[in-house]
Amino acid sequence: MSKTHVTTTINGEPVEFLCDTSQTVLDVLRDQLGLTGSKEGCGSGDCGACSIIVDGRLVCGCLMLGAEAEGCRIETIEGMAAGDHLHPLQKRFVEMAALQCGICTPGFLVASKALLDRNPNPTETEVRYWLAGNLCRCTGYDKIIRAVMDVAAELRETAR
Amino acid sequence: MSARTYKWIGTRPNRPDGADKVTGRARFGADFNMPGQLVGKVLRSPHAHALIKSIDTSAAEKLAGVKAVVTAKDFPEQENITVPAGEMQVNLRDVTRNIMAREKVLYDGHAVAAVAATTEAVAKEALALIKVEYEILPHVIDVEAAMKDGAPILHDHLRTEGVEPKPTKATNIAKRIDFAKGDVAAGFRKAEVVVERKFTTQPVHQGYIEPHAALASASEDGQVQVWSTTQGHFQVRGFCSRLLNIETSQIRVTPSEIGGGFGGKTVVYLEPVAIRLSQKSGKPVKMVMTREEVFRASGPTSAGVVEVKIGATRDGRIVAAECMVALQAGAFPGSPVGPACMCSFACYDIDDIKVVGYDVVSNRPKVAAYRAPGAPISCWGVESAIDELAIELGMDPIELRLKNAAKQGTKTHYGPTFNRIGFVETLEAAKSSPHYQTPVKRGFHRGVAAGFWFNVGADSSAAAHVGEDGTVTVISGNPDIGGSRASLAMMAAEELGVDYEKVRPVIADTSSIGFNFVTGGSRVTFATGLAVVNAVKEVVRELKIRAAKIWEVEPEAVVWENGMAKPASTNVGEFEPLSLSQLAAMAGKTGGPINGHAQLNAQGAGPGFGVHIVDLAVDHDTGIVTIDRYTAVQDVGTAIHPSYVEGQMQGGAVQGIGWALNEEYIYNAKGKLDNPGFLDYRIPVASDLPMIETVIVEVPNPSHPYGVRGVGEVPIVPPMAAVGNAIARATGIRFLDLPMSPPRVSAAIDAARPKMAAE
């Protein structure tokens with residue numbers, strides 16, 4: 001089976017890859033490009049551990065084919081920190097113990113960033129519904145929601 | 001124990017692995033790779049119960065890209081002996097049959113064969129080429145059906161243990177256990193009020209977000225390396241050693257970061273298969289389960305039947321209690337029926353108690369430990385019955401529990417007499433909590449329930465190495481499943497009197513540190529913490545010797561305070577204190593490297609008690625239950641890192657809410673699991689829940705230098721009954737069967753409507 005040549009941008013860097021038509025973006029990221037920060041928890045779009053941002057839109061990497069990434073701008077957890085500076089969400093997740101085992105954390109961070117990028121002032125209910133596609137089995141979500149709300153307030157403060 | 005002031009204990013520093021885990025750098029099970037690795041996949045049974053007449057792997061072996069195929073023939077037969085694994089006992093003869101079916105398949109998803117191939121696509125194609133001839137047998141799924149005479153028998157050799165005279169007929173009841181205290185018949189004669197009910201639960205899965213994954217590389221000289229996601233890499237080594245007849249020293253297991261376990265990653269599924277495939281192919285083999293495989297072939301916990309009878313006098317004193325617990329173990333014996341029986345009435349000081357338990361096999365995946373294994377099932381029944389008793393007596397549910405609470409000196413029905421415990425303090429804290437002190441909102445109803453877990457000690461090893469600049473590496477052997485690196489480093493920093501940042505905790509592979517029992521039983525901060533403290537004490541002892549050498553005094557004349565060696569008194573002489581970094585820099589001249597080691601079998605794990613309070617509303621048309629407010633109160637001994645203690649309480653509570661309201665394994669008439677995915681097996685999501693309030697109660701455990709009790713398991717015990725008790729108050733209906741999912745709740749309300757209308 002011939003492979004598809006794909007030209008894309010990942011975390012700001014131009015990237016080319018060859019993929020099978022059946023491969024998902026998640027497969028490509030993890031198995032071909034060595035970007036294992038995005039996790040596969042279910043492979044069916046139910047858990048959100050593979051959350052990535054494609055052209056500004058939050059998607060499950062396991063539900064998008066590699067071939068569909070042609071010409072797209074992809075952001076993954078690996079691109080979230082700026083150099084050695086953690087993104088405020090990353091920083092507050094650590095400070096507020098918003099992770100226990102950490103497997104869902106990349107997905108939650110990417111999804112939370114996608115939320116705050118479009119809604120800098122979400123209510124608790126909005127945060128909870130936005131993140132309802134990301135499963136966490138350890139924390140009961142409490143500290144995650146608090147961290148996201150906290151960062152939203154912090155970012156609003158800096159933006160003023 | 002008097003209240004002590006600490007520099008680090010009780011603070012909330014950043015966890016040492018935090019940055020790695022928020023950047024995607026941390027490597028979990030599926031993130032390990034080796035050059036030239038093959039992909040391993042498992043062929044699984046489509047039947048609930050069938051004889052394997054033949055397996056033909058020849059076509060698969062001939063497929064280009066296939067490098068090895070294994071079936072049960074590739075694994076040596078095992079003795080019928082029982083060894084500890086996780087918090088449960090397992091039989092090796094059964095374990096080898098669970099990782100690869102032999103004579104029979106015993107559940108939908110049971111492994112039958114496995115292949116290693118150059119790509120996943122080839123491996124999947126090869127699985128389709130394996131021909132298995134089955135003779136389908138009648139199956140049995142439910143625990144009570146499996147106990148009946150004439151039920152399909154899973155194991156012809158199985159006879160009920162614990163029954164006299166020893167039965168001669170094959171059965172699905174593997175074991176009967178009995179616990180008694182006092183004379184329960186006499187106790188019930190004193191009762192003025194008796195509540196008697198039969199409760200059931202369905203199997204629920206641990207639901208860790210990370211599927212099982214393992215990478216094995218077997219060398220030609222017999223050495224084996226394994227990377228896997230596990231709660232116990234020493235248990236992986238032990239199982240693989242026994243199942244494959246490889247000496248333990250030849251196997252080196254490196255634990256990955258672990259993406260949740262909750263007990264479900266204390267056993268092996270993939271590791272021995274990956275090793276065998278690697279041995280046969282001569283290449284490293286990586287295996288990762290799909291989510292469907294996780295549901296069909298790993299975990300879950302038992303389904304159960306709990307018959308409870310509780311008798312009390314009118315003034316609210318419980319005089320007698322009786323309970324029968326039958327737990328389904330899955331395809332092989334070994335449900336957590338023991339702890340289920342022991343935890344049942346452990347919260348209460350009752351003179352006359354009788355508890356009987358049955359361990360029952362049926363055609364479901366072999367159960368694995370799940371957070372306080374067994375306790376949530378029996379306590380669902382007991383705590384619901386206690387609530388009914390409170391209603392019957394017109395008593396406040398916390399007052400009723402306070403009146404009967406176990407305390408120091410209470411003799412349990414399973415044997416031990418409690419040392420210092422904090423159940424009364426926990427109930428008092430619940431009573432005075434902001435939640436309980438606030439009236440229930442209009443349209444909502446409140447439920448309360450309690451829970452107990454023993455907590456576990458067991459084997460731990462640890463080392464502390466002082467670097468040449470005076471920073472310290474603390475080495476232990478328990479995978480960090482929820483922040484234990486932080487708590488271990490904090491205890492080491494406290495003991496040494498140095499900054500937390502000067503201590504770097506590391507989790508070593510099986511060849512780099514002594515034996516450690518699993519991360520489970522809420523034991524790591526307690527038992528491995530104790531080992532770390534002892535290893536650091538040894539470092540301190542050595543540091544004092546070095547200072548004494550420099551000052552030319554006796555080591556006894558030196559004390560260690562705030563990270564420095566000081567003369568014990570002015571009599572010793574006038575010496576400037578020596579810091580850890582100064583002593584480390586001079587180590588070469590004073591006797592060489594400064595390290596400490598400790599190994600122990602930790603005794604005296606302090607039992608933990610929790611009380612949960614929930615306010616909820618029931619939609620009488622849809623049966624949907626909405627939780628408005630939830631509070632978890634728990635005696636944790638001492639909270640080393642309160643954020644992670646709260647996290648355990650919140651996470652356990654929410655798993656319990658899922659167990660109460662949604663989660664269940666659904667089998668069709670053919671015994672196939674109908675909901676092996678997160679869409680149909682619905683665990684709680686963020687929008688289902690409110691914030692989970694926590695109240696930390698600290699009654700220090702006298703058996704730990706910092707008073708630690710285990711924390712992680714207690715919080716999954718009370719939620720089911722707390723939710724059920726609130727629903728009972730909201731609807732007037734006592735729910736007896738879990739989950740209290742919308743269809744069941746609305747059906748029960750509909751059924752009760754004519755009756756209510758008639759009244």
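A residue is buried if 20 or more other C-beta atoms lie within 10 Å of its own, exposed if 12 or fewer, and partly exposed in between, with C-beta atoms placed from the backbone. Helices are DSSP runs (H or I, at least four residues), numbered from the N terminus. This is a predicted model, in which local features need pLDDT of at least 70 and side-chain atom pairs count only at pLDDT 80 or more, while totals for chains, interfaces and linings use all residues. Residues are numbered from 1 along each chain as its sequence is written, and chains are lettered from A in the order in which they are written.

**Exercise 1.** Find how many residues of helix 20 of chain B are buried.

Solution. Helix 20 covers residues 719-731 of chain B. Of its 13 residues, 13 are buried, so helix 20 is largely enclosed by the rest of the structure.

**Exercise 2.** Check the span of helix 20 of chain B against 1.5 Å a residue.

Solution. The expected span is 1.5 Å times one less than the number of residues. For the 13 residues of helix 20 this should give 18 Å, and the end C-alpha atoms are 18 Å apart, which agrees. Just after helix 20, B:Gly732 has a positive phi of about 75°.

**Exercise 3.** Describe how helix 11 and helix 20 of chain B cross.

Solution. Axes are lines fitted to C-alpha atoms over the stretch in contact, with angles from 0 to 180 degrees between N-to-C directions. The axes of helix 11 (residues 375-393) and helix 20 come within 8 Å and cross at roughly 35°. Residues in contact have C-beta atoms within 7 Å; among them are B:Trp380 in helix 11 and B:Gly724 in helix 20.

Terms used. Helices (H or I, at least four residues) and strands (E, at least two) are DSSP runs, numbered from the N terminus. Two residues are in contact if their C-beta atoms, placed from the backbone, lie within 7 Å.
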